[in-house]
Structures are given as structure tokens and as C-alpha cells.
Amino acid sequence: MKLKKLLSLLLAVMLVFSLAGCQKNEAEQPAQEEPKQELVSTVAQGEGTGKYGVFKVDVTLENSEIKDIKVTESSESGFTEPVIAQLTKEMIDTNSVDVDAVTGATLTSFAFINSVKDAVEKSGAVLTAKEVQTEEEKVEDITTDIVIVGAGGAGLSAAIEATNAGAKVVVVEKNAFMGGNTNYATGGMNAAGTKYQEAKGIQDSPALYYADTMKGGKDLNNPELLKVLTEKSAETLYWLESLGADLSEVGRSGGQSVDRIHKGPGGMPVGTHLMDVFGTQVETLGIEVKLNTKAVEILSEGNVVKGIKVENKDGNSYNINAKAVILASGGFGANPELVVKFKPELEGFGTTNAPGAKGDALAMVEKLDVSLTDIEQIQTHPTVVPRINEMITEGIRGDGAILVNHDAKRFIDELKTRDVVSKAILEQEGKTAFLVLDKQVYEKASTYEKYKNQGLLKEAQTLSELAGIMKVDATALEATVREYNEAVKAKSDVEFGRTSLDVELISAPYYAVEISPAIHHTMGGVTINTSTQVMNNSGVAVEGLFAAGEVTGGVHGGNRIGGNAVTDITVFGKIAGANAAAFVGK
């Protein structure tokens, strides 16, 4: 027993010395250094997918730090330039690609961010993020002649006209970029009796334009406002051209009895084109536009406005004192609560509106007892891609596309007013339908190529192949297109009464996109008179308060005809700017 205990003790001692030796050896080993990352200096190319297709960038890296980012290829709208500039600055300042998307331009933001990420990954650089100390923007009250709420088409038309009349103007825009819903306008601008119509032998007049629009608006339009819209349409188009616009191409939109919609060059989206023009004017005239600045209150004494209270991006508020205020903040089509409040049957509908179309002005005017007109009149656009809420311009039907249902049959005159076509689509199986077109229609406008690049328009070399993509009966689709082509040849659509029959769908490739109605335009808003003064419930003008565009009611009645939004925002925006300038000059 004693021997066993002795052996056990010796083994224990040996184990202790062994462990101590190991620890000593380990301690004597030099610490392994982390391998140093190689610093990368290069210009790397990156690629992503934007709203309208491929997005490419060149990223300049010096010692694994982002020094510059240049967009080399993009089909995104012009209004996204400030978005790209903002994201570029954030990435360079932080030396990181982990930045937030800009509200209202999410798809473009992600396209840009992903393209830069792709370039950095390809370069092999490992970015070390920098801490950036940001100081809150200092705020103080300012004074001007006119303050305009909203930097879309109506607000900028007003700003340009007022500035040219000698007034000092400040424009506030809650988004990080200008444009609002104008950025989403695709079709064109309606105008009657223009030199471009005359050159094509189109007989039109303000009176005919008035009659078409009153009929399309279900006779609910304010006659005096509609008279101004139609009679001022041609001269306003020429005014836009004097600023640099090109609206010389003429086509037709739903609800019009003649070709009247004037399009941007090459069929490009009219909103993109006009915002390019307005942006140049803002810079040339030195108009102050405060981005990331939200109007939250109208300052007033009794029935007289004194300016507005605003909040900057940091949430700090200050006053902009002014003799006149122009509301041009748009409608409320992106505010589901307000939409359902005024039209409950639209609960659950998607929207084509810019995210900022929340109807902010409706709350701001309450204390002034401002009257509202047609507030329950909310329009759906019939051709919107389900789930992603991407609108397919009405111009595509005017250019010759047809609508077919899931039985591959036509079911409506495609150029009826939006409300009528929307209702007809919702009566079809699945509450969706398909736009079908051929190469001839496709080549009429550059916008359609963008739809294809987005993956919205599906392409096939034959109608039978297209039917497979649409999951409809091929024989039925071929018969429908054949019957339509016979109607085009005969210039008589006996079954549905379509009168615009210019293109036989006979040229491959063929295209189709599934569509369904979504909320598009709010016809109702604050009540204005023909001078764009805002009226209260006693029928008295609020002194110094003007409004133009979708924030107002009365112009469109129960349904807006395609092409009338651009006419509305520019005609009445221009009038508001001129009258506000005259008011402050008293």
C-alpha cells in the first residue's frame, strides 16, 4: 500500500512539472500577428439593377479608402441625381457602403449602393469605416416675399413665374430631391389648338377640350376652373417651351376625342423631361429650394397668412415669414388612412404615387377653416403592375396596345376613361388583365424599352409563344389579335367602338404585361378660385394663401383624364406664381 501511495505521489509531481513546462514553452512562443490587409489603390467597376435597368459605377480607391464614385451607365430618372450625390458623400465620408437608402428613391438607392458594393468586392479592398461627427444644422427664422410648399411641377412653375415677376421666393421640399409626383408623370400634357396639332391637320379647340374633360369628369368639374385650364393650355405649353421644354409630339390619351396629348422628346416620360427643364431654371434664376424641409404649420393672424413653420431633417423647427404662401404639396394618394377615410371601398389598393404624397396640407389648413372640394373623388389608374405598383403609361394604349383578359379576349375600348377601364378590369377573372403590343407599338416611345429592361414587358417571337408566357390559350389569343387587326383595316371596331385604330399588331416580337388598377390621383383638395386663391367655408379668400396642382379640388371633377395632370400643375402653378407676386407687390 505504501509503495502504491509513493508511486501515485511521484506521478502527480511529474504531471505538475510537465504542465508547467508546457505553459513555459507556450509563454516563450511569440504571439502570432494578424496578417496585414493589403491596401488597394485602383478604379473598380461595379454593376447593379436600377428601376429602369442596368446601373454601373466606377469607384476610385486609394489605400482602401473610397475617394470618388462616378455613375457610368444609368437609365434612372434625372430627379435621382441629388440622391446619388447624397449617397456618394456619405460613402466617402464614412468609407463604408453600409448607408441607408433615401426615402422616396428606394430602388435607385439600392441600385447605387449595390453597384458600389460590387465594385469594392471586385477590387479586393477591405474598407475600414470612419467615425463621422455630424453637427446639427443651425436654424433661425428667415423672411421672404413668397414661400412655396412643394418642389414638384406646380411649385416650381409658381416659383419660376414669381421670380421672373420680381418676387423673392423660397421653396420648401420635405424630400431629399425635387419633383414629387411630377417625377412619375409619363404620358404628356394635354393642350388644345396648338401649332403641332395644326401641322398634323388635327382640328381641336379649347371648347372641344372643355367638352371632353367635362364628360370625362362626370360633369362634376368646376366650370370656371376648367375653362381656365383649357383656354390657357396652349399658351402654357409654349411658356414651357420658352423655358427649354420640347413638347412637339402629339398623341391621344383615354377620354379624348382627338389627338391632344403633347409628349416629351422621343416619347420620354414627360415628368422627367419637365423636371430637367425646371431644375435648370431653378439654378439659372437662383431660386432657393430647401430640401429635407417639411412644412408643418401655416402661420396666420385671423384670415391673413404670415408664412409657415418648418422642420429640418434633424427635427428642428423654425419660421419662414412671408407675405404669401403657395400650397403645391400634391395629393394624398400614398396615405392609405386618408384614402380609406374618404373612399372606404379603396381599402387595400396599391398606389402609383410618390411616397411623399401624404396630404400634409389638409391638416395644415384646418385652423383656417379652408373649404374642401370633391375630396371623396379618388381615381385608380387601370394599368399598374400588381404587387410592385409600377404604372404602365396610358400612352401605350394610345399608341396601339390592346387589353385582353385571362381568356385572351378583348373586353373594353382601351381608350375609355380611366375609371371605366379600371372597373372593366376589376370585373375580369383575377381582377387583372394583359396589355398586348407588337414591335411597331414598342418602338413608338423610349419608355417602353425601360419597361422591358425592368423585366415588366415579356417578349416573344410569336403570339403562340407569348400566350405561353401569359398562361392563356394560344388559339384564343391569335384569334383576338386577328379580329382586332381586321377592325384596324376596316377602321371600325364594331364590338367595342374603339376609334383610334392605327396599328395592326403584326410585327414580331410581341410583348405583354399583366396589369390591374391602383390608386393614382386624388381629384379633391382645397377649394380655389380662378386666381388660385384658397377659399374658406364662408366663401372668402384666405388673404395671401394660394394653391395649385393636386392639392386642390375642382379641376378634374369625378375622374382625371390622362394628360390633364401636367396641364393642371403648369397652368395653375404659373397663375399662382404670377398672382402671389402681384399680391406681395401691393
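**Before you start**

The model is predicted, so local features need pLDDT of at least 70 and side-chain atom pairs count only at pLDDT 80 or more, while totals for chains, interfaces and linings use all residues. Residues are numbered from 1 along each chain as its sequence is written, and side-chain values use heavy atoms, with hydrogens and water left out.

**Stop 1: Pro517**

Select residues 510–522. This is strand E19, and Pro517 is in it. Helices (H or I, at least four residues) and strands (E, at least two) are DSSP runs, numbered from the N terminus. Pro517 is buried, at 9% relative accessibility. Buried means under 20% relative accessible area, exposed over 50%, partly exposed in between (1.4 Å probe, protein chains only).

**Stop 2**

The structure holds five aromatic pairs. Rings of Phe, Tyr and Trp (its six-membered ring) pair if their centres lie within 6.5 Å; planes under 30 degrees apart count as stacked, over 60 as edge-to-face and the rest as tilted.

Select Phe55 and Phe112. Their rings are edge-to-face, 6.2 Å centre to centre with 75° between the planes. Phe55 sits in strand E2 (residues 53–62) and Phe112 in helix H3 (residues 106–123), so the pair ties together parts 57 residues apart in sequence. Phe55 is buried at 1% relative accessible area. Phe112 is buried too, at 0%.

**Stop 2: Phe546 and Phe583**

Move to Phe546 and Phe583. The ring centres are 6.1 Å apart and the planes stand at 70°, so this pair is edge-to-face. Phe546 belongs to strand E22 (residues 541–547) and Phe583 to helix H18 (residues 564–584), 37 residues apart. Phe546 is buried at 3%. Phe583 is buried at 16%.

**Stop 3: the second largest pocket**

Select Gln86, Glu90, Ala176, Asn292 and Lys313. Of the 23 residues lining the second largest pocket, these are the closest to its centre. The volume of this pocket is about 640 Å³. A pocket is an open set of points on a 1 Å grid over the protein atoms alone, where a 1.4 Å probe fits, with protein on both sides within 12 Å along at least five of seven lines; lining residues have an atom within 4 Å of a point.

Conventions. Points joined across faces, edges and corners; volume = space filled by probe spheres on them.
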